[in-house]
Amino acid sequence: MPVEGRALRKSDLEKGNNAALEAEKPLRTKLTRIAEIAKQRPRVKLQTLMHAIDEESLKAAHQALGADKALGIDGMSKEEYGKQLEENISDLLGRMKRQAYKPQPVKRVYIPKGNGKMRPLGIPSYEDKVVQKALNEILTVIYETEFLACSYGFRPGRSCHDALKEVGRILETKKVSYVVDADIKGFFNNIDHGWMMRCLQERIQDPNLLRLINRILKAGVMEEGVEYDTETGTPQGGVVSATLANVYLHYVLDLWFILNIKRESRGEAYIVRYADDFVCFFQYKDDAEAFYGKLIGRLGEFNLEIAQEKTKILEFGRFAEERRTRRGDGKPETFDFLGFSHYCSKGKPGNYSVKRKTSRKKFTAKLKVFAEWLHKNMHTEIRDLVKQANAKLIGHFRYYGITDNLQRIKAFRYVVRRNLFKILNRRSQKKSLNWDGFAKIEERFPLAKARIYVNIYG
């Protein structure tokens, strides 16, 4: 862990303008001031942070939350909560100030994964979403000054596409020939609460804020009317979960890789991480193998483990392709990252290029989900059905519509179109709809066209 720093006093926060944060001008909000202190004094442990969660920040959190989100165990919606917003916020803030606020258990639901299994999600009650949103704003301004450039997940101004661009840049411009494609087994379910709090204490020394986070972690889970304690993990679905996961892996993985692995490797070494999904690159095979062994031990120290069946070392890159060609081993293997299969190819000038296409697993899984949705909504009026289908298609194209992946998203649309035809045909007992009839429907209600939205080299 990083060395300890001097605790940040309240006077430090007020220094420079001789006024309390509550009296600062609009352009110098509490969060802005916290961010400034965090940036200016990176080795200082921050105190008096809890005061940033006030009536104004809780109202702002309420306004920022989506109105169409799933309901927690309280059954409270944003609309209902907002009907008596002043009273609700006042009561919530009062309980928080006297340490009487206790988060309710999150409601556990399951969504299908691509491998046929189910992924557990946790849905907090609405009031807890408001608190987590306000808390997350504080954690974000603190840790944006801490997080490393290799981390991309759930950070302001960073996206999956940015991570993919960085992977391409490394493979096409750096001296790397080996990829370690790793997967942490059940990461969100196995975050150790003790280690989580120790990670937070490296930067935060406000006992009230730390107590709030600990209560959120220990809130428990409600599933089918039965409440379960949560001794480990932070439920996926909670507003603050992604930021806490980033904090955990910042210390467990990112810093360790940069300060230890990168220095100990005899060749070049790089890492790109998006939440708990990460991929590492090495110039030499022995460095990649050494890292693999050390990774198992490192994760074990924090009660985590790799999914060995999903983790592999492969020869990949411009130099790897040349060597494999000389040996007669054929093209390098592919690896998947963020839903895309990466493979070695050639650009227009004939130079080495890394290209991407929708991974087979994601392609199949997304089509299955789409087909199930069409089946459930088969009796929806055609205009509305196509409108909703287009919204889903465009969402798919906006993510998977990247350079070199046009054929794959066209194939996705092709299958969706055939499934839509089948569903509309089944609406009639005689199954009288033919392709000519379907073409006329398409003239009135056309399906969204597949197109590239993201230039991966832009």
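Where does arginine 273 sit? The place of arginine 273 is strand 6, residues 269–274. The model shown in these close-ups is predicted.

**View 1. Arginine 273 is a buried residue of the model.** Its relative accessibility is 0%, so arginine 273 counts as buried. The side chain of arginine 273 makes a polar contact of 3.1 Å with the side chain of serine 151. Contacts beyond four places in sequence include Cys150, Ser151, Tyr152 and Gly153. Arginine 273 also touches Asn246, Leu249, His250, Leu253 and Asp254. Phe278 is another of the residues that arginine 273 touches.

**View 2. The largest cavity holds about 120 Å³ of space.** A search of the whole structure finds 4 cavities of 30 Å³ or more. The lining of the largest cavity has 16 residues. Nearest its centre lie Val106, Pro124, Gln132, Ile216 and Pro235. Three helices each supply at least two lining residues: helix 6 (126–143), helix 10 (207–217) and helix 11 (241–264). By residue class, the lining of the largest cavity divides into 10 nonpolar, 5 polar and 1 charged.

**View 3. The second largest cavity holds about 80 Å³ of space.** Met50, Arg95, Met96, Gln99 and Ala100 are among the residues that line the second largest cavity. Tyr101, Asn208, Arg211, Leu212 and Arg215 also belong to this lining. Helix 5 (85–97) and helix 10 are the elements that give two or more residues to the lining of the second largest cavity. Helix 10 provides the largest share, 4 residues. The lining of the second largest cavity divides into 5 nonpolar, 2 polar and 3 charged residues.

**View 4. Strand 10 and strand 11 form a hairpin.** Strand 10 covers residues 340–346, and strand 11 covers residues 352–358. The two strands run antiparallel and are joined by 7 bridges. Phenylalanine 340 has threonine 358 in strand 11 as its bridge partner. Between the strands lie 5 residues. In the turn, glycine 350 has a positive phi of about 90°. Strand 11 is mostly covered, with 6 of its 7 residues buried.

Notes. Residues are numbered from 1 along each chain as its sequence is written. This is a predicted model: local features need pLDDT of at least 70, side-chain atom pairs count only at pLDDT 80 or more; totals for chains, interfaces and linings use all residues. Side-chain values use heavy atoms; hydrogens and water are left out. On a 1 Å grid over the protein atoms alone, a cavity is a set of points where a 1.4 Å probe fits but cannot get out, and a pocket is an open set with protein on both sides within 12 Å along at least five of seven lines; lining residues have an atom within 4 Å of a point. Grid points are joined across faces, edges and corners, and a volume is the space filled by probe spheres set on the points. Ala, Val, Leu, Ile, Met, Phe, Trp, Tyr, Cys and Pro count as nonpolar, Asp, Glu, Lys and Arg as charged, and the others, Gly among them, as polar. Buried means under 20% relative accessible area, exposed over 50%, partly exposed in between (1.4 Å probe, protein chains only). Two strands pair if DSSP finds at least two bridges between them. A polar contact is a pair of N or O atoms within 3.5 Å; within protein, one must be able to donate a hydrogen and the other to accept it, and residues adjacent in sequence count only if both atoms are side-chain atoms. Contact means heavy atoms within 4.5 Å.
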